[in-house]
Amino acid sequence: MAARLSYSNKVMLAPMVRIGTLPTRLLALEYGADIVYSEELIDHRMVQCQRLVNPILDTVDFVSPDGRCMFRTCERERKYVVFQMGTADSVRAVETAKLVERDVAGIDVNMGCPKDFSLKGGMGAALLSNPERVRSILTSLVSAVSLPVTCKIRLLPTPQATFDLVKVIESTGVAAVAVHGRSIKERSTQPCHYDVIREIVSRASIPVIANGGSNEITSYKDVDKIKSLTSCESVMIARAAQWNPSVFRHEGALEIDDVIKRYLQLAVDTGNGCSNTKYCVCQMMADRMEGPLGARLHSAKNIREICDLWGMTGYHDAAEARRSDVIEGLSLREQKSLGVASFSPGGAKRQRMDAELTEEGVMELCVKYERRDYPAHTPKSELLEHCSQRHLDPPSYNTVERSRDRLFKSVLTVCGDKYSSSFWLKSKKSSEQAAAIVALAVLGLDVPTKQ
């Protein structure tokens with residue numbers, strides 16, 4: 001029987017939406033992370049999924065009825081990956097945990113997300129003020145699965161309220177609790193309350209995992225500083241690992257271009273979507289996104305074009321050739337059961353999967369609109385023409401301006417589906433055109449661009 005995952009004296013990759021996909025998790029493990037968390041995955045979406053063994057990628061995929069791969073994992077991480085779920089219901093939580101139980105090392109419940117989507121659904125930070133629901137969910141999970149169960153919380157308005165909640169959490173039999181040292185209303189630019197975490201440690205009978213210290217972490221040696229400030233044995237790293245996953249290296253962080261190259265190899269190997277790959281690389285590029293390489297990354301339309309920016313088309317093409325050989329060796333029944341189009345390059349389902357579905361139900365891609373790239377027809381006009389020819393209602397645009405920097409973001413709605421660029425752009429017009437680009441890409445429609 002495999003050893004049960006221990007949360008004592010560990011350094012971990014924190015759960016991060018869009019960042020915590022398979023290639024980032026594998027990269028963090030390579031660089032020295034002891035445990036890696038998946039991004040938060042919502043229970044009511046997961047319970048609709050089918051578990052599929054994918055021989056093309058050597059992965060296990062949990063695929064929704066519309067062909068989206070909601071969670072992908074593999075044997076290399078099985079002993080170290082913790083599946084984090086968003087839930088407000090003990091029955092759905094158990095059903096989700098049972099679905100993934102054989103493929104992960106632990107189960108975690110998100111009790112700290114402050115986003116409106118989570119709060120309105122009674123999930124995330126909404127659970128902080130509902131200790132009996134916390135007790136029900138965690139007790140049910142501990143009783144139902146053989147894996148260790150944990151949760152991740154934020155601080156409540158008063159230290160005593162936080163201490164009382166941790167006492168409830170302890171009583172359920174969980175293996176550990178991760179504490180982000182900020183309240184729901186506090187942002188990452190504000191100080192982390194290490195003193196409160198330290199007091200929790202002094203009162204708790206289970207391992208407490210410190211989170212929220214990325215402002216103090218630039219290399220692995222800084223982990224000891226967080227341990228000293230909090231008295232925690234274990235530390236969970238979020239934004240510092242988002243910016244440079246090699247922060248887990250005991251020998252020191254690597255140059256970011258070397259990190260990106262290895263990340264891209266893993267993204268290719270695991271069939272990661274173009275949009276998610278681009279997003280993760282953008283985070284590592286940071287300020288360099290404003291330069292020429294950043295502009296070329298923004299305009300990349302597929303994984304191969306991203307790889308080309310780092311001289312890796314040969315690696316990409318060799319991987320694609322190997323996959324084609326595997327597909328040819330499958331029987332027609334096996335290909336049909338796998339839905340090969342959703343796993344292989346160029347398939348219609350794959351193109352749809354490359355769009356990230358946000359918690360608000362918006363399909364997003366990392367794209368920008370440059371007028372010079374569309375000399376004949378704009379994306380908006382092309383989409384409008386598409387709707388007109390099919391006697392569909394015209395697209396509608398809901399555009400908002402962000403007050404702190406006066407950048408714009410538009411959500412386009414057509415046929416009941418919503419689309420948006422993941423970028424905030426400099427003008428209302430550009431944001432609407434970018435949203436139209438996303439819709440056209442997901443729908444599989446081409447707009448003539450400048451060559």
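**Entry 1. The core**

I began with the largest nonpolar core, which has 133 residues; Met-46, Ile-107, Ile-237, Phe-248 and Trp-310 touch the most other members. Buried means under 20% relative accessible area, exposed means over 50%, and partly exposed lies in between (1.4 Å probe, protein chains only).

I noted that this is a predicted model, in which local features need pLDDT of at least 70 and side-chain atom pairs count only at pLDDT 80 or more, while totals for chains, interfaces and linings use all residues. Residues are numbered from 1 along each chain as its sequence is written, and side-chain values use heavy atoms, with hydrogens and water left out.

I then listed the contacts of Phe-248, where contact means heavy atoms within 4.5 Å. Setting aside neighbours within four places in sequence, Phe-248 is in contact with Val-11, Met-12, Leu-13, Ala-28, Tyr-31, Gly-32, Ala-33, Tyr-220, Ile-237 and Ala-241.

**Entry 2. Helix 1**

Ala-28 and Tyr-31 took me to helix 1. I take helices (H or I, at least four residues) and strands (E, at least two) as DSSP runs, numbered from the N terminus. Nine of the ten residues of helix 1 (residues 22–31) are buried, so this helix is largely enclosed by the rest of the structure. The buried ones are Leu-22, Pro-23, Thr-24, Arg-25, Leu-26, Leu-27, Ala-28, Leu-29 and Tyr-31. Gly-32 follows helix 1 and has a positive phi, near 130°.

Is strand 7 enclosed or open? Six of the six residues of strand 7 (residues 81–86) are buried, so the strand is largely enclosed by the rest of the structure.

Strand 2 (residues 35–37) runs parallel to strand 7 and is joined to it by two bridges; Tyr-37 has Val-82 as its bridge partner. Strand 8 (residues 106–111) is parallel to strand 7 and joined to it by four bridges, with Val-109 as the bridge partner of Met-85. Between strands 7 and 8 the chain passes through helix 3 (residues 90–100), and this β-α-β crossover is right-handed. That term applies if, with the strands pointing away from the viewer, the path from the first strand over the helix to the second runs clockwise.

I looked at Arg-92, which is found in helix 3. Arg-92 has 30% relative accessibility and counts as partly exposed. Not counting residues up to four places away in sequence, Arg-92 touches Asp-43, His-44 and Val-47.

**Entry 3. Strands 8, 9 and 10**

I followed the pairing onward. Strand 8 and strand 9 run parallel, joined by five bridges, and Asn-110 has Lys-152 as its bridge partner in strand 9. Six bridges join strand 9 to strand 10 (residues 176–183), again parallel. Arg-154 pairs with His-180 in strand 10. The chain goes from strand 9 to strand 10 through helix 6 (residues 159–171), a right-handed β-α-β crossover. Strand 9 (residues 149–155) is mostly covered, with seven of its seven residues buried.

Which order do the strands of the open sheet of five take? I read 13-14-17-16-15, with mixed pairing. Strand 13 (356–357) and strand 15 (396–402) are the edge strands, each pairing on one side only. Strand 14 (residues 362–365) and strand 17 (residues 417–421) run parallel over four bridges, and Glu-364 has Ser-420 as its bridge partner.

I also looked up Ser-431, in helix 19 (residues 428–443). Ser-431 is buried, with a relative accessible area of 3%. Beyond neighbours within four places in sequence, Ser-431 is in contact with Thr-399, Phe-408, Lys-409, Ser-410 and Leu-425.

**Entry 4. Rings and charges**

I counted rings of Phe, Tyr and Trp (its six-membered ring) as paired if their centres lie within 6.5 Å, with planes under 30 degrees apart called stacked, over 60 edge-to-face and the rest tilted. The count comes to three aromatic pairs. Tyr-369 and Tyr-374 have ring centres 5.6 Å apart and planes at 20°, so the pair is stacked. Both tyrosines, Tyr-369 and Tyr-374, are buried. Phe-62, Phe-71 and Phe-83 form one aromatic cluster.

A charge sits over a ring if NZ of Lys or CZ of Arg is within 6 Å of the ring centre and within 35 degrees of the ring normal. I found the charged end of Lys-368 over the ring of Phe-423, 5.5 Å from its centre. Lys-380 lies over the face of Tyr-397, at 4.6 Å from the ring centre.

Note on methods. Two strands pair if DSSP finds at least two bridges between them. A nonpolar core is a set of buried Ala, Val, Leu, Ile, Met, Phe, Trp, Tyr and Cys residues joined through side-chain atoms within 4.5 Å.
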